Amino acid sequence: MIKRIANEDKEDSKNLTLVGHLTELRRRIIQSGIFFIIATLVCYYYSEYIVKDILKRAPNVNFVFIAPAELLLSYIKLAVVGGLALSLPLIIFQIWSFISPGFKPNERKSIIISLIIGSIFFFLGVIFAYIIVMPSMIQFFIGFQIDEISPMISFSSYLGFFLDTLIAFGLIFELPVIMIILTRFNIVTVKFLKKNRKYIILIIFVVAAIITPPDVISQILLALPMLILFEIGIFFSKIVEKKKAVNKRLSH
């Protein structure tokens, strides 16, 4: 009898814990949603200023909108993307606060460092694409016009191309973080990366040729940062390997 009551109390405790976790999850989802909505509204309020700054990346192009609601929808799209970018750190913090108790202290430290470094490199890629890459790419494409064909580019298509390019460069700048993670979990080694450096450089230029327009300037604008990021990745991977070796010696 006593054993049965104890089992029932244990089961109730588990249920209460589950309910508590679900309640906390719902609270964090609601808070994240509020962050996102507020950030989106702020971005929409300043959307005209943001659009004007985006247009400065293509100073010699006259954009049009070919549907009644196209410009409004572009403003909304820009506001949503901007709202997500602004609220993402807070959303990640909410997610991390919910799942972090399930990790060991050293695992929490590694994940936090990876998130911070990854975020920094992502935004560096976005800034690099925004300031340097986009103007040269737009000028290259506009250079194809002839007297018989006048360019009529809708702002919606330009915005889509603009955002895709920024996100692509942001992801490409994650290369050092990926290398560090692969080294951390013994998937690759620094020795392997150095030994195959010439093949990796070739792959980088091939990727740059595929992603960018078929002109040398755009390919170099992408390939050079990737080469620098690759060397940065090797540098940090060395540090990771040395730290792993030290920890292994101490454990023995």
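Predicted model: local features only at pLDDT ≥ 70, side-chain atom pairs only at ≥ 80, totals over all residues.

Trainee: OK. How many helices and strands does the chain have?

Mentor: There are nine helices and two strands. Starting at the N terminus, the order of elements is α-α-β-α-α-β-α-α-α-α-α.

Trainee: And is the chain compact or spread out?

Mentor: Its radius of gyration is 25 Å, while the globule rule gives 18 Å for 252 residues, so the chain is more spread out than a compact globule. The C-alpha trace spans about 95 × 55 × 25 Å along the principal axes.

Trainee: What percentage of the residues count as buried?

Mentor: Of the 252 residues, 31% do. The accessible surface of the chain is about 16700 Å², and carbon and sulfur atoms hold 72% of that.

Trainee: Switching topic. Which residues form the nonpolar patch on the surface?

Mentor: I30, I34, I38, V42, Y45, Y46, Y49 and I50. Together they have about 830 Å² of accessible area. Two elements, α1 (2-45) and α2 (47-55), each give two or more residues to the patch.

Trainee: Which element gives the largest share?

Mentor: That is α1, with five residues.

Trainee: Take I30, then. Where is it found, and why is it called partly exposed?

Mentor: I30 is in helix α1. Its relative accessible area is 47%, and partly exposed covers what lies between under 20% for buried and over 50% for exposed, so I30 gets that label.

Conventions: Residues numbered from 1 in each chain as written. Heavy atoms only, no water. Patch = residues over 30% accessible without salt bridge, like charges linked within 9 Å, V, L, I, M, F, W, Y side chains within 5 Å. Areas by Shrake-Rupley, 256 points an atom, 1.4 Å probe, with all protein chains shown as cover. Salt bridge = Lys/Arg side-chain N within 4 Å of Asp/Glu carboxyl O. Helix = DSSP H or I, 4+ residues; strand = E, 2+ residues; numbered from the N terminus. Buried < 20%, exposed > 50% of the residue type's maximum accessible area, 1.4 Å probe, protein only. Rg over C-alpha atoms; globule rule 2.2 N^0.38 Å.
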